[in-house]
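Let us walk through this structure step by step.

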Amino acid sequence: MAAITMGVTALDCPDPHALAAFYAAVLDWKIDPESDDEWVELIGPQGRTLAFQRSEGYRAPQWPGVQHSQQMHLDFDVFEEQMDEAEAQVLALGATLLEGDHDGARAWRVYADPVGHPFCLCANG
C-alpha cells in the first residue's frame with residue numbers, strides 16, 4: 001500500500017488574499033510570501049497548510065441547504081471557557097453566526113467566513 005498523507009486543504013473563493021487574511025487572523029498563522037493572486041497559502045504549526053484558490057464565478061455554499069450544499073467545513077478547537085471570546089474575535093474579523101450552541105446544549109457553534117464557507121468553533125477541554 002502506498003504511503004498517502006494529507007496535504008493542503010484548499011478553499012475556492014473570489015479573492016484569495018482577502019480570505020487568507022481572515023483565516024490568518026483567526027488562526028494566528030502566517031501568509032506564505034510566495035503566494036500569488038490566484039493561490040495563497042497559510043503556513044501553520046507542524047507544516048499544516050490552508051490554501052485559498054481564486055474561483056471565477058464563485059458561489060457561496062449554503063448552510064444548511066442542499067441546493068448549494070456546504071460541501072465541506074472547517075472545525076476549529078477552542079477551550080470551552082474561551083468560546084465567547086473566540087466568537088467575538090471571529091465576528092469582529094467578518095464572520096457571521098449561522099447557528100449558536102443552543103444555550104450550551106451543544107459543544108459547537110456554526111459560522112460563515114466572509115465569503116460564505118461554513119466553519120465551526122468547537123469546545124475542546
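Helices here are DSSP runs of H or I with at least four residues, numbered from the N terminus. The model is a predicted one. With that numbering in hand, look at what comes after helix α2: Gly94 follows α2, and its phi is positive, near 120 degrees.

Now go back into the helix itself. α2 spans residues 83-93. Which of its residues are buried? They are Met83, Ala86, Glu87 and Val90. Buried here means under 20% relative accessible area. These four lie on the same side of α2, because they cover an arc of only 100 degrees around the axis. The face turned away from that buried side carries exposed residues: Asp84, Glu85 and Ala92.

What do the buried residues of α2 pack against? Their partners are helix α1 (16-27) and the strands β5 (74-78), β6 (96-99), β7 (108-112) and β8 (118-123).

Next, the sheet. Strands of a sheet pair through backbone hydrogen bonds, either parallel or antiparallel. In this model, four strands form an open sheet in the order β1-β4-β3-β2, with mixed pairing. β1 (9-13) and β2 (30-31) are the edge strands, and each pairs on one side only. β1 runs parallel to β4 (residues 49-54), and five bridges join the two. Follow Cys13 across: its bridge partner in β4 is Arg54.

Helix α1 comes back here. It packs on the sheet and touches β1, β2, β3 (39-43) and β4. The direction of α1 makes about 160 degrees with that of β4.

Terms used:
Residues are numbered from 1 along each chain as its sequence is written. This is a predicted model: local features need pLDDT of at least 70, side-chain atom pairs count only at pLDDT 80 or more; totals for chains, interfaces and linings use all residues. Side-chain values use heavy atoms; hydrogens and water are left out. Buried means under 20% relative accessible area, exposed over 50%, partly exposed in between (1.4 Å probe, protein chains only). The arc is that of the directions from the helix axis to the C-beta atoms. Contact means heavy atoms within 4.5 Å. Two strands pair if DSSP finds at least two bridges between them. Axes are lines fitted to C-alpha atoms, for helices over the stretch in contact, and angles run from 0 to 180 degrees between N-to-C directions.
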